[in-house]
Structures are given as structure tokens and as C-alpha cells.
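Thanks for coming, everyone. Let me put today's structure on the screen.

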Amino acid sequence: MFTRFEEYAASQMLGHADSPPRSQGKLFFAEAWQRQLFGLTLAVAKQGHFDWEDFRQHLIESIGDWERLDCAAQPPWDYYEQFFGALLQVLERQQVVTEGELAWVLADRPLRSHE
């Protein structure tokens, strides 16, 4: 169930470059980690650790960076990989986590296979 903040955050993204994937009008998560990432991002922003609009701008920039890559150099498209990268940038810039903490968390992150 969304609270006011979650409704605001999700509606701010509708119809924009950073709009999350949807299916039949509802947010679509192909994998559990995507849902968890989205929820975590909303929770951390709601607690005031970063501004939602600041995160959105990082996400838009991340998507744009992917789009500007030469087709031969582009990794397969994955919205939530861009979302994750934007979150990491904001968390590090706002010093919510240190670079060392990020490295520790990311060390156990499974590599995604895009076949």
C-alpha cells in the first residue's frame, strides 16, 4: 500500500523519461530484487536521506548516458540497472553510505547474465 509520499514519487515519474516499467497500469517488476530496490529507494528518500527530485535527475542522466552509447558498446537495456546506478550515485554523494560500504555491498552482488 502506498502512502502519500510513495504516491507522489511514483506519479512524478509517469510519462517522463525515467518512468518505471508498467503492465496494465501497475508498476512491473520482472524480478524480486527490482521490487526491493524500488521500495528501498522510496523508503530512504522518505526518511529524508536525499531529495526525490535529485534522485530522478540522476536517473534521467543515467538513462541518457546509456542512450548515447554507441550501439555496439551498449549493454542490454535494463531500467532497474539504471535505477540502481542512480541510487548509488545519490547515496554516495549525500554520504548516506561510504565508498567502502558500497564496495562491500556490491562485492556480493551477483553478476547479471544478458544472453
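I'll go from the overall layout to the aromatic rings and then to the core.

First, the ground rules. This is a predicted model, so local features need pLDDT of at least 70 and side-chain atom pairs count only at pLDDT 80 or more, while totals for chains, interfaces and linings use all residues. Residues are numbered from 1 along each chain as its sequence is written, and side-chain values use heavy atoms, with hydrogens and water left out.

Now the layout. The protein has five helices and two strands. Read from the N terminus, the order is α-β-β-α-α-α-α. Helices here are DSSP runs of H or I with at least four residues, strands are runs of E with at least two, and both are numbered from the N terminus.

How much of the protein is buried? Of its 115 residues, 33% are. Buried means under 20% relative accessible area, with a 1.4 Å probe and protein chains only. The accessible surface comes to about 7,600 Å², by the Shrake-Rupley method with a 1.4 Å probe. Carbon and sulfur atoms account for 54% of that surface.

On to contacts, meaning heavy atoms within 4.5 Å. Take those between residues at least 6 apart in sequence: 66% of them join residues at least 24 apart.

Next, the rings. The structure holds 10 aromatic pairs. Rings of Phe, Tyr and Trp (its six-membered ring) pair if their centres lie within 6.5 Å; planes under 30 degrees apart are stacked, over 60 edge-to-face, and the rest tilted. Look at tyrosine 79 and tyrosine 80. Their ring centres are 4.9 Å apart and their planes sit at 90°, so this pair is edge-to-face. Tyrosine 79 also pairs with phenylalanine 83, and that pair is tilted, at 5.9 Å centre to centre and 45° between the planes.

Why are tyrosine 79 and phenylalanine 83 about one helical turn apart? Because they are four residues apart in helix H4, residues 79–93. Tyrosine 79 counts as buried because its relative accessibility is 5%. For phenylalanine 83, also buried, the figure is 0%.

Last, the core. A nonpolar core is a set of buried Ala, Val, Leu, Ile, Met, Phe, Trp, Tyr and Cys residues joined through side-chain atoms within 4.5 Å. The largest one has 20 residues, and Phe50, Phe55, Leu59, Tyr80 and Phe83 touch the most other members. Helix H2 (32–46), helix H3 (52–68) and H4 each supply at least two residues. H4 gives the largest share, nine residues.

Note on methods
Buried means under 20% relative accessible area, exposed over 50%, partly exposed in between (1.4 Å probe, protein chains only).
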